Amino acid sequence: MRKLFLTSIVLYNYDTHKNFIDLARPATTPVKLKDGYYIELRHKGERKGIKLRSDSIPELHQSIKKYEKLYDVHFYGEVKKGKVVNDKLPELK
């Protein structure tokens, strides 16, 4: 009878500990960007938006045309090794 009591206490403590893990603070490390071309989609009047990555220049121009009707589209830049290398919009050849 005593073993059942101890087992139920251990399970109860595990469950409460599990709930504390779910309530932890979010990570504060900055997001590492993959290599590619990024645009930022913002709703009108907002400062921050969603970053959208494209692998090639034609994909980039296609996504700009797709989203420019709904969002304010800003070219974020070309990212290599986690850093912005070029912040000017490349021309479609």
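I looked up the sheet first: 4 strands form an open sheet in the order β2-β1-β3-β4, with antiparallel pairing. Strands here are DSSP runs of E of at least two residues, numbered from the N terminus, and two strands pair if DSSP finds at least two bridges between them. β2 (50-54) and β4 (83-86) each have a single partner strand and stand at the edges, so one side of each lacks a neighbour in the sheet. From one strand to the next, the twist averages 45°; axes are lines fitted to C-alpha atoms, for helices over the stretch in contact, and angles run from 0 to 180 degrees between N-to-C directions.

I noted that this is a predicted model, in which local features need pLDDT of at least 70, side-chain atom pairs count only at pLDDT 80 or more, and totals for chains, interfaces and linings use all residues. Residues are numbered from 1 along each chain as its sequence is written, and side-chain values use heavy atoms, with hydrogens and water left out.

Next I checked β1 (residues 36-42) against β3 (residues 72-80): 7 bridges join these antiparallel strands. Y37 has E78 as its bridge partner in β3.

I then looked at helix α2 (residues 57-67), which lies across β1, β2 and β3 and runs at about 10° to β1. A helix is a DSSP run of H or I of at least four residues.

Last entry: G77, in strand β3. Beyond its neighbours within four places in sequence, G77 contacts (heavy atoms within 4.5 Å) G36, Y37, Y38, V84, N86 and D87.
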